[in-house]
Amino acid sequence: MLYKMNDVTLSAGGETILDHVDFFIRGNEKIAVVGRNGAGKSTLLKVICGELTPDRDDRRFEPGIYKSRNVTVGMLSQNVFHEPQMTLEAYLDQRLKALGQEYEAAMAYKQAFDRSLTRLGFLVEDQARKLEDFSGGQQTKLALIFLFLEKPDILLLDEPTNHLDMEALEWLEENIRSYEKAVVMVSHDRFFLDQTAQIVYELSRGKLTRYVGNYSQYRTQKLKNMEQEKKAYERQQAEIARQNELIRRFKNKPKKAAFARSRKKMLERMKLIPKPVGEEGHIFTGEILPERRGNKWVMECDHLVLGYDQPLLDLSWRLRRGQKVGLIGPNGAGKTTFLKTLTGQIEPLAGKYSLGSDISVGYFDQKSAQIVSEKTVADHFYDQFPSLTKKEVYQTLGAYLLGGSMASRRVCDLSGGEKARLVLCELLQSRPNFLVLDEPTNHMDIPAKETLESAFKAYKGTILFVSHDRYFISQVADALLIFEDQKARYYPFGYNHYVQRKQSMAGGDGDLRARLDAQEAAMIAGLRAVPEAERHQLREIGTQEAYEDWQMRLALEDMAQCQAKAEALWERLCECWDERSKAMYEEAAARWQEACLHWYDVYLETEPREENDEEDPNT
């Protein structure tokens with residue numbers, strides 16, 4: 001055991017931050033600590049590094065903290081450098097002198113530092129600059145370089161992703177995954193935690209709960225645990241009610257009074273299950289259907305030249321009904337310019353674009369959230385949708401975390417993230433069939449983001465959106481439009497698939513962009529491939545048709561795999577009937593049914609149709 005907390009309590013200002021918590025680090029575990037702002041995550045890191053000492057506890061006779069001998073701890077705090085007047089070169093020399101007379105170690109340190117400095121976009125002449133002259137993101141990069149070079153046994157990272165660009169984030173993720181020792185990190189970047197964490201500790205109301213896996217696995221397990229706790233609580237409450245009813249019926253009957261007293265004593269001895277605390281966010285489980293279905297092709301561009309004074313790129317592309325496409329790429333590549341062009345805010349420099357028939361657009365950008373109103377949230381929302389009852393208004397607002405006392409607050413008193421959530425609530429309530437969103441989750445905490453993610457997944461219309469939140473992109477987008485090097489490339493799979501491809505090719509030789517294009521061409525060629533005997537019967541199909549065929553094949557393969565698993569579990573259940581096997585079979589059978597329904601949905605979506613056919617929106 002590298003480090004262990006046993007029954008530790010810490011208070012500050014009369015408030016208990018850590019309440020009899022247990023926490024441990026083993027070997028080279030990569031541990032994430034999550035929780036709401038103010039929960040005490042940074043405080044926990046300060047206890048680990050020795051800046052804070054736990055409260056004395058008379059009930060605990062053993063020390064609350066155990067460490068391996070000579071364990072070293074290095075911490076990246078939110079205040080990075082303590083001597084900002086020093087130049088980077090002087091700071092590096094100071095670190096090299098700490099290595100003593102070991103020339104080879106000093107040279108290896110200097111070479112590793114120079115490699116990392118170049119990888120993160122710094123210039124050689126930057127070493128003459130003072131530390132205080134670097135931006136916040138640059139200071140974080142430099143501090144991370146020094147920390148990784150020092151190689152402490154326990155590396156503590158407090159919000160390491162703040163102010164980092166995409167390239168720096170990928171560098172940080174690679175270094176954490178390959179770090180030979182333990183890492184404990186606090187971050188609100190859920191995609192970063194998915195890429196790096198092996199263990200997640202949730203800090204809530206002073207208590208720590210340990211989960212195995214990354215952030216997404218933690219969320220899945222937590223929701224499963226909450227459902228189990230809810231059912232256990234409801235079963236116990238039902239049993240208590242049943243026993244109380246028996247006591248009420250028999251307590252005054254002489255022949256049954258002893259029975260009633262025994263029931264009462266049983267209830268007094270019963271260990272009560274605490275009422276489960278509800279989830280902070282709201283998860284949409286139903287469907288959010290557009291008011292009208294709209295045309296099969298939502299939008300088409302033909303050599304559309306984007307830009308202001310100078311052209312940024314030339315784009316030919318079309319968007320199909322029901323797709324949810326995320327726009328990714330560096331700042332200034334043309335993502336927001338594209339959205340503003342589609343919504344008519346700026347004129348294209350050349351080319352043309354068109355929306356399909358019966359397409360209604362709902363647009364959101366950061367200016368959309370700059371609403372000023374003295375009305376309450378509930379009154380403001382009711383003015384937009386006067387056909388709703390008061391109960392429906394509060395229910396709808398509550399689904400977007402704006403119900404209860406929040407609905408009685410004035411709109412002008414809301415934070416930027418809360419105003420954005422109100423505008424998005426109005427957009428989804430108006431039921432357009434095409435949402436165009438520019439950074440919809442800026443300034444929102446995790447519960448708010450997860451609420452909107454579930455809403456956008458439940459929404460059955462078309463979405464085109466820009467976001468820098470990689471986890472949000474991975475949850476919502478089923479395809480990507482990648483803006484890079486004055487080009488826009490369509491990628492017909494989700495963000496996780498895209499990242500895995502980049503990682504799988506990052507170790508090879510040659511230009512990554514060229515290899516991506518080459519593999520993209522190979523993938524399309526593979527999609528178009530058919531048995532040689534049938535080629536004379538088929539016309540050359542386009543990329544969109546090939547993509548639809550790919551979707552059908554994936555759905556069919558998934559359905560076949562689920563069927564085989566369910567049938568194998570049924571055979572095992574017939575041989576040995578027990579509750580565990582029964583539960584496993586029922587889960588597999590449910591998954592098979594879902595796979596069949598998914599295949600059917602894909603079949604309906606890719607079924608050939610005449611472009612001008614009239615479509616019933618209720619079909």
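Student: How many aromatic pairs turn up in the whole structure?
Tutor: A search finds 20 of them. Keep in mind that this is a predicted model. One of the pairs is F465 with F472, which sit edge-to-face, with 5.6 Å between the ring centres and 85° between the planes.

Student: Are F465 and F472 buried or exposed?
Tutor: Both are buried.

Student: And what about Y495 and Y498, how do those rings sit?
Tutor: That pair is tilted, because the planes are at 45°, with the centres 6.1 Å apart. Y495 and Y498 are both buried too.

Student: Why are they about one helical turn apart?
Tutor: They are three residues apart in helix 15 (residues 495-506), so about one helical turn separates them.

Student: Which residues make up the ring cluster with them?
Tutor: Ring pairs link Y495 and Y498 with F191, Y491 and F493 into a cluster.

Student: What about charges over rings, where do R129 and K256 lie?
Tutor: R129 lies over the face of F134, 4.2 Å from the ring centre. K256 lies over the face of F250, at 5.6 Å from the ring centre.

Student: OK, new topic. Which residues touch the most other members in the largest nonpolar core?
Tutor: L397, Y400 and F456 do, in a core of 96 residues. Helix 4 (residues 136-150) gives the largest share of that core, eight residues. There is also a second, separate core of 27 residues, with F23, V33, L45 and A182 among its members.

Student: Let's do strands. Why is strand 17 described as largely enclosed?
Tutor: Five of the six residues of strand 17 (residues 479-484) are buried, so the rest of the structure largely encloses it.

Student: Which way does strand 12 run against strand 17, parallel or antiparallel?
Tutor: Parallel: strand 12 (residues 324-328) is joined to strand 17 by four bridges. Within that pairing, V325 is opposite A479.

Student: And how many bridges join strand 17 to strand 18?
Tutor: Five, and strands 17 and 18 (the latter residues 487-491) run antiparallel. L481 stands opposite Y490 of strand 18. The two strands form a hairpin with two residues between them, and D485 in the turn has a positive phi of about 55°.

Student: How many residues of helix 9 are buried?
Tutor: Six of its eight, so it's mostly covered. The buried ones are K335, T337, F338, L339, T341 and L342. After helix 9 comes G344, which has a positive phi, near 80°.

Student: Back to strand 10, then. How many bridges does it share with strand 13?
Tutor: Strand 10 (residues 297-307) and strand 13 pair over five bridges, in the antiparallel sense. D302 is the residue opposite K352 in strand 13.

Student: What about H303, where is it?
Tutor: H303 is in strand 10. H303 and G351 are 48 residues apart in sequence, but their C-alpha atoms are 4.9 Å apart in space. Leaving aside neighbours within four places in sequence, H303 is in contact with D314, L315, S316, A350, G351 and K352.

Student: Last one, the whole protein. How many helices and strands?
Tutor: There are 18 helices and 18 strands. Of the 619 residues, 44% count as buried. Among contacts between residues at least 6 apart in sequence, 68% join residues at least 24 apart.

Technical notes
Residues numbered from 1 in each chain as written. Predicted model: local features only at pLDDT ≥ 70, side-chain atom pairs only at ≥ 80, totals over all residues. Heavy atoms only, no water. Core = buried A, V, L, I, M, F, W, Y, C linked by side-chain atoms within 4.5 Å. Buried < 20%, exposed > 50% of the residue type's maximum accessible area, 1.4 Å probe, protein only. Pairing = 2+ DSSP bridges. Phe/Tyr/Trp six-rings, centres within 6.5 Å; stacked < 30°, edge-to-face > 60°. Lys NZ or Arg CZ within 6 Å of the ring centre and 35° of its normal. Contact = heavy atoms within 4.5 Å.
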